[in-house]
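Work through the exercises below with the model open. Try each task before reading its solution.

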Amino acid sequence: MYPLTIGLAIENRELLEQTQACLNGLPFRVVVEHQDVGDVAGFVERLERMRPDVVLVDISTWKDPLEGLVSAIKGVTGDSMVIALNTVADADVILASMRAGITEYLYSPVQESLKKALEKRSAERARKRDSSAKIGGKAFGFFSAKGGCGATTILCHVAAELGRHNQKVLLADLDLDAGMVGFITKTKATYTILDAVNNIHRLDISYWKALVSNGIPGVEIISAPLALASKQQPKDEQIRHVLAFARPNYDWTIADLGRSLSRMAMAALEEIDEVCLVTTLEVPALHQSKQIIQTLLDSGYGKNRIRLILNRAPKRLDITPGDLEKMLGVAIFAMIPNDYQELYETYAEGRMLNRSSDLGKQIAKMGMKLAGLEEEKAPKKRFGIFG
């Protein structure tokens, strides 16, 4: 059953007791409880803040046209279900309610009819969620074998490359210890992933759009908190819920899972289609890579869903790619060249990598391969007197 959130404004004692009796036996949560039905402004302000799935309104003493009340409620809650509660079944009031946009009109005693209405709404939301998940875009999770392997730099440029190809991309920074996505993309975010986690009960597309930033064309970014080592660590189910909500709205979701295989990264993997493990040829990084890959395989994560990326690869390897793959147990998906000078200049100048640079080209090529998109072919040169 989908866990609905409820907002209610009920003055009539009888209706309130019946509603509470109904809700006590259901797995739904009241997030707004307003007693003064006449204080529409105060009620609407609280609804806007909490965005409940269902709004219950006592209209037993309401004298004004219902259109204004319903319009005010729906104006801040979007597609919330609005249920009118009354002490009597008045035909004229029922007709006026339907014309005003009320979803359901219930009269005393409301326990059974309210239970049926809420269960029906819960089932509708569950079907909508399941349908969205089936048609949702693909999600990639990037993480470094150890700190400093360069996963964040790579994933930011992969996201930017996909955004250039008319793809709708979400770049999600789930690295609550470092949170470097904002720095690399030069994104100034007002809100962070923790705002989404703390407001799951009001998470809809309009609220989500208020949280994300647009620092790169075609890419929406949900940042990590600015403070290093965030004191608040989201619960596993909260991370999964946010990813499950977000990914159906994008062609590609690129998530920064930080370094190594943290608890939160493991939780996020349930909503991630493929993981991209970024390593270098440093012995500690290779040691960590082997352990991480084995942990993934032991947990049931298929080998075909693991993409091994060798970053800062020298022109001449001391070990053959075949030997490296045999040692780690998975194939090398891509090798990114080492270009310290280019990266230094990029960060010093406060910009993204130049796409025409060798490093920029290689990351772009890897991004296209990862997404299964065709690379842009350079136009053939034309010769003649007109150029």
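**Exercise 1.** How many residues of strand 4 (residues 81-86) are buried?

Solution. This is a predicted model. Use the cut-off for buried: under 20% relative accessible area. Apply it along the strand. The count is 6 of 6 residues, and strand 4 is mostly covered. For the background, buried residues make up 49% of the 387 residues in the chain.

**Exercise 2.** Sort the residues of strand 4 by the way they point.

Solution. Start with the general rule. In a regular strand, side chains alternate between the two faces of the sheet. Now assign the residues. Met81, Ile83 and Leu85 point one way. Val82, Ala84 and Asn86 point the other way. Then check burial: all of these residues are buried, whichever way they point.

**Exercise 3.** Which strands pair with strand 4, and in what sense?

Solution. Take strand 3 (residues 54-58). It runs parallel to strand 4, joined by 5 bridges. Next take strand 5 (residues 104-107). Its pairing with strand 4 is also parallel, over 4 bridges. Here asparagine 86 has tyrosine 107 of strand 5 as its bridge partner.

**Exercise 4.** What is the handedness of the β-α-β unit that strand 4 makes with helix 4 and strand 5?

Solution. Point the strands away from you. Follow the path from the first strand over the helix to the second; clockwise means right-handed. Trace strand 4, then helix 4 (residues 91-100), then strand 5: the unit is right-handed.

Notes. Residues numbered from 1 in each chain as written. Predicted model: local features only at pLDDT ≥ 70, side-chain atom pairs only at ≥ 80, totals over all residues. Heavy atoms only, no water. Buried < 20%, exposed > 50% of the residue type's maximum accessible area, 1.4 Å probe, protein only. Helix = DSSP H or I, 4+ residues; strand = E, 2+ residues; numbered from the N terminus. Pairing = 2+ DSSP bridges.
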